[in-house]
Amino acid sequence: MEDKDKKIESLHLKLIPYFEKYGILLLLVLMILVMHILQPDVFLSWRNVTNVFKQISWQSMLALGVFMVIVTAGIDLSVGSIMMLSLMILAVVAKAGAPWFIVVLTPLIAGFLCGLFNGLGITLLRMPHPFIMTLGTLYIFRGAGNLISGGTPISGFTDEVRYLGHGRIDLQWLGLEKSQYLPVSLVLIAIVYIIFWIFLNKSKTGKWIYAIGGNPNAARASGINVNKILIIVYSLCGFLSGIGALILAGRTDSGYPNAGLQSELDAIAACIIGGASFFGGRGTVLGVFAGVMIMGILRNGLNLMDVSSFWQQVLIGSIIVLAVYIDVLRRDIGTRK
Amino acid sequence: MSSTSNPLLEAKGITKYFGTITALENVNLKVHAGECLGVVGDNGAGKSTLMKVLSGLYKPSAGSLFFQGKEKILESPRDSQNLGLEMVYQDLALAGNLPIGENIFLGREPTKNLGFIKLLDFNKIKELTNAHLDKLKINVKSADQKVEELSGGQRQAVAIARSTAFNAKVVIMDEPTAALAIKEVGKVLDLINSLKKTGVGVIVISHRMDDIFTVCDRVMALFQGTNFAEASLSNTSRDEVIGWIMGKK
């Protein structure tokens, strides 16, 4: 009897990590299958698949940034506003006639500095929770974006500036048709996600980010400079929002006041659906990617079927609650109390 | 264990004020290689403050620390760690979401170079962890097991393993058995005994007379921030030590 229990227990121990890591991918594959059955002609067509990736391109940057913050048991509500401010700065600089290589750098630098501002505020001003600091900067950055642009859209960028968001990689040399191109934004997502996967899983700093989320006191007692790591995390989150702004500039060819409105909530939702825990220290880059994809496919699929966007909101909300309930169950099984 | 040899760690005349409050006044402490010193005292007697001075978390207002006969000034916990002075905190200070090995090496992870970037060397972490756990006779299923999956006693063992992974010469333990089930207490006390055998000096802060009388060679009592009494274990009794805690000789 005891032997049998032990066997079951060790099977649990072996399976739980895999479920934690890849369970969300299972859900993603299931969704793709369902959508394919419902829309067999359209859903998996080249055009629609690249469309999904183009639609999620900038959200995936925001979600990755917010994910790192959530791993430290923090939150960043300002990513949408950082993206909007970076986009507006890009637009103003582009309209002023700056060369393209300066224009493409501006949102990255602006995003990084906004994130640095968040990080310094949280650590130096000793805010009781990052929620408060980033709630403040959610208003500050969007207001600043409207101040510098006068609250009106600024349109028309050069092709170099639009390349990351709008560029196409021709695949005709592979014998494919002209319409079967690869969006540059898809390649960018892959590169950025791989870099951050290596950073979070294989570097000391990445390990310390997880340790801070697991137990900040343990990190401090181990000689880790917790505040420094937090500042790095929020700065990188801002930087990724800046990349998001550059992609959005390419996609829409315009800086507009409502850019990224409420997209911080989409980013948080993607992290939560992807298995990141609000308690910190838990979640994977692959999971965030799956979370972003699930939200993108849901929106795309429901659009294809002409389902009202109100239903999309209801469904995404339901998936968040379900995903977190699974997280709760997982904690019950996986940890001793 | 002989008291004639030079002590590993010696604190002389440690005084610590917090504003107008005197937390410690002219406190002396020493511990030798392979010896276990028990520190007892009532709440507020100054035990924790003294340990924080020894670990470099607080700077003493007066007094000096000698490590292997040389005077040392500790600016931060990093300084004390570099000397081989390690602390096991009462709340254990482990990250539950990380595996045992990564907890033991947290903040001091071995890396390997891949071109110009430094990546964590997971194989080495696992190798060193297994060797170290074996040396301390700590049994866990695997070094990859997450700390949150461990029992209280196993966690305490991991915390002790971490404190000794980098050639510690003195290990300071704050209430090492306070949160443990009875059968786990014995394992932790065994671990302290095996540390002593490897020549480590151990300082144990404890409320539990059983712990003190099982592992310690000497016991000292603090009372209202001062040295109150001290004796080798063979020259005292439980009742006497309990009396010291309450300020009676």
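Me: How many bridges join strand β1 of chain B to β2(B)?
Reply: Strand β1 (residues 9-18) of chain B runs antiparallel to β2(B). Strands (E, at least two residues) and helices (H or I, at least four) are DSSP runs, numbered from the N terminus. Two strands pair if DSSP finds at least two bridges between them. For β1(B) and β2(B), the number of bridges is 7.

Me: What pLDDT do local features need in this model?
Reply: Residues are numbered from 1 along each chain as its sequence is written, while chains are lettered from A and ligands numbered from 1 in the order in which they are written. This is a predicted model: totals for chains, interfaces and linings use all residues, side-chain atom pairs count only at pLDDT 80 or more, and local features need pLDDT of at least 70.

Me: Which residue in β2(B) stands opposite Ala11(B), and where does β2(B) lie in its sheet?
Reply: The open sheet has 4 strands, ordered β2-β1-β4-β5 (chain B), with antiparallel pairing. β2 (21-31) and β5 (70-72) of chain B each have a single partner strand, so one side of each lacks a neighbour in the sheet; both stand at the edges.

Me: Which strands stand at the edges of the open sheet of 6 strands in chain B?
Reply: Here the pairing is mixed, and the order is β6-β9-β10-β3-β11-β12 (chain B). An edge strand has a single partner, so one of its sides is left without a neighbour in the sheet. The edge strands are β6 (85-88) and β12 (226-232) of chain B.

Me: What is the bridge partner of Met220(B) in β12(B)?
Reply: Strand β11 (residues 218-223) of chain B is antiparallel to β12(B), and 6 bridges join them. In β12(B), the partner of Met220(B) is Glu230(B).

Me: At what angle does helix α6 of chain B run to β10(B)?
Reply: Helix α6 (residues 182-197) of chain B lies across β3 (36-40), β9 and β10 (201-205) of chain B. Axes are lines fitted to C-alpha atoms, for helices over the stretch in contact; angles run from 0 to 180 degrees between N-to-C directions. To β10(B), α6(B) runs at about 150°.

Me: How do α2 and α11 of chain A cross, and at what angle?
Reply: The crossing of α2(A) and α11(A) is right-handed (the near helix is turned clockwise from the far one by less than a right angle). Residues in the contact include Val66(A) of α2(A) and Cys271(A) of α11(A). The axes of α2 (residues 46-71) and α11 (residues 263-273) of chain A come within 8 Å and cross at roughly 65°.

Me: Which residues have the most contacts inside the largest nonpolar core?
Reply: A nonpolar core is a set of buried Ala, Val, Leu, Ile, Met, Phe, Trp, Tyr and Cys residues joined through C-beta atoms within 7 Å. The largest one has 157 residues, and its largest share, 15 residues, comes from helix α10 (residues 226-252) of chain A. Those with the most contacts inside the core are Val66(A) and Cys271(A).

Me: Is Ser308(A) buried or exposed?
Reply: Ser308(A) sits in the loop between α12 (285-304) and α13 (309-334) of chain A. A residue is buried with 20 or more other C-beta atoms (placed from the backbone) within 10 Å of its own, exposed with 12 or fewer, and partly exposed in between. Ser308(A) has 10, so it is exposed.

Me: Which element gives the most to the side of chain A that touches chain B?
Reply: The contact takes 20 residues from chain A and 21 residues from chain B (two residues are in contact if their C-beta atoms, placed from the backbone, lie within 7 Å). On the side of chain A, α8 (204-214) and α9 (216-221) give two or more residues. With 6 residues, the element that gives the most is α8(A).
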